[in-house]
Amino acid sequence: MRAPSRDPRKLLEYAHPKLRHTAGAACMVVHLDCERQMASYAGVGNISMFFGDREKVKWRSGDAGILGYRQIQVRQLRFTWEDGDILVLHTDGLRKEGVKRLIHHHHTPSDLANAIHAHQYSGMDDALVLVCSLHAQRAVQIEEETIRA
């Protein structure tokens, strides 16, 4: 069976049985359509996403469950974005409270990823933060910080 290429929900449904013999995973897949400035996403587990401009940021989380464990219900949702909007994905090793405030005060993806890592790490779990600056006509700028507990 070949993996679907652009549908976040189908990608997670494809990965789910492949992870059955592991400890499972939290995962969020985001597909960015640069022509329409539309994003589709689906997530399972303890992973959060913030998106929007520096003035209006929205928060979403993965659906309940663990990818690769038991039955999962995967929803696919969409949002529109504008040039320069920020997309932040992070695992539960980082506290989500306070991320919106940090987005307002840090202007580059690298600075924001470093600030989220420095100020939001719980010290209790592995942590990953991925920060993207979204642009329709050029490559997405991505920065990430990873911590292993």
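Which side chain does arginine 9 meet in a salt bridge? The partner is glutamate 13, with N and O 3.0 Å apart. The model behind this briefing is predicted. Its chain has 149 residues, and 38% of them count as buried. The secondary structure comprises 3 helices and 8 strands.

**Overall layout**

- Along the sequence, the elements run α-β-β-β-β-β-β-α-α-β-β.
- Take contacts between residues at least 6 apart in sequence: 59% of them join residues at least 24 apart.

**Salt bridges**

- The count of salt bridges comes to 3.
- Side chains of opposite charge can pair when their charged atoms come close.
- Arginine 9 and glutamate 13 both sit in helix H1, which spans residues 8-18. They are 4 residues apart, so about one helical turn separates them.
- Arginine 9 is partly exposed, at 27% relative accessible area. Glutamate 13 is also partly exposed, at 38%.
- Aspartate 33 and arginine 36 form another salt bridge, at 3.3 Å from N to O. Aspartate 33 is buried, with a relative accessible area of 16%. Arginine 36 is exposed, at 64%.
- Arginine 75 pairs with aspartate 63, and their closest N and O atoms are 2.7 Å apart. Both residues lie in the loop between strand E4 (57-61) and strand E5 (77-80), so the pair ties together parts 12 residues apart in sequence.
- Within that pair, arginine 75 is partly exposed at 46% relative accessibility. Aspartate 63 is buried at 10%.

**Nonpolar cores**

- In soluble globular proteins, nonpolar side chains tend to be buried together.
- The largest nonpolar core here holds 15 residues. Those with the most contacts inside it are Phe50, Val88, Ile103, Leu112, Ile116, Val129 and Val131.
- Four elements each supply at least two residues of this core: strand E6 (86-91), helix H2 (99-105), helix H3 (109-120) and strand E7 (127-133). H3 gives the most, with 4 residues.
- Isoleucine 116 shows how the parts meet. Beyond its neighbours within four places in sequence, isoleucine 116 touches Val88, Leu94, Val99, Leu102, Tyr121, Val129 and Val131.
- A second core is separate and has 13 residues. Among them are Met49, Phe51, Phe79 and Cys132.

**Sheet and helix packing**

- Strands of a sheet pair through backbone hydrogen bonds, either parallel or antiparallel.
- An open sheet is built from 3 strands in the order E1-E2-E5, with antiparallel pairing.
- Strand E1 (27-33) and E5 are the edge strands, and each pairs on one side only.
- On average, neighbouring strands of this sheet are turned by 25° against each other, direction ignored.
- Strand E2 covers residues 38-44 and pairs with E5 over 4 bridges, in the antiparallel sense. Tyrosine 41 has leucine 77 in E5 as its bridge partner.
- Helix H1 lies across E1 and E2. H1 runs at about 25° to E2.

**Points to locate in the structure**

- For the charged pairs, begin with arginine 9 and glutamate 13 in H1, then go to arginine 75 and aspartate 63.

Technical notes:
Residues numbered from 1 in each chain as written. Predicted model: local features only at pLDDT ≥ 70, side-chain atom pairs only at ≥ 80, totals over all residues. Heavy atoms only, no water. Buried < 20%, exposed > 50% of the residue type's maximum accessible area, 1.4 Å probe, protein only. Contact = heavy atoms within 4.5 Å. Salt bridge = Lys/Arg side-chain N within 4 Å of Asp/Glu carboxyl O. Core = buried A, V, L, I, M, F, W, Y, C linked by side-chain atoms within 4.5 Å. Pairing = 2+ DSSP bridges. Axes fitted to C-alpha atoms, helices over the stretch in contact; angles between N-to-C directions.
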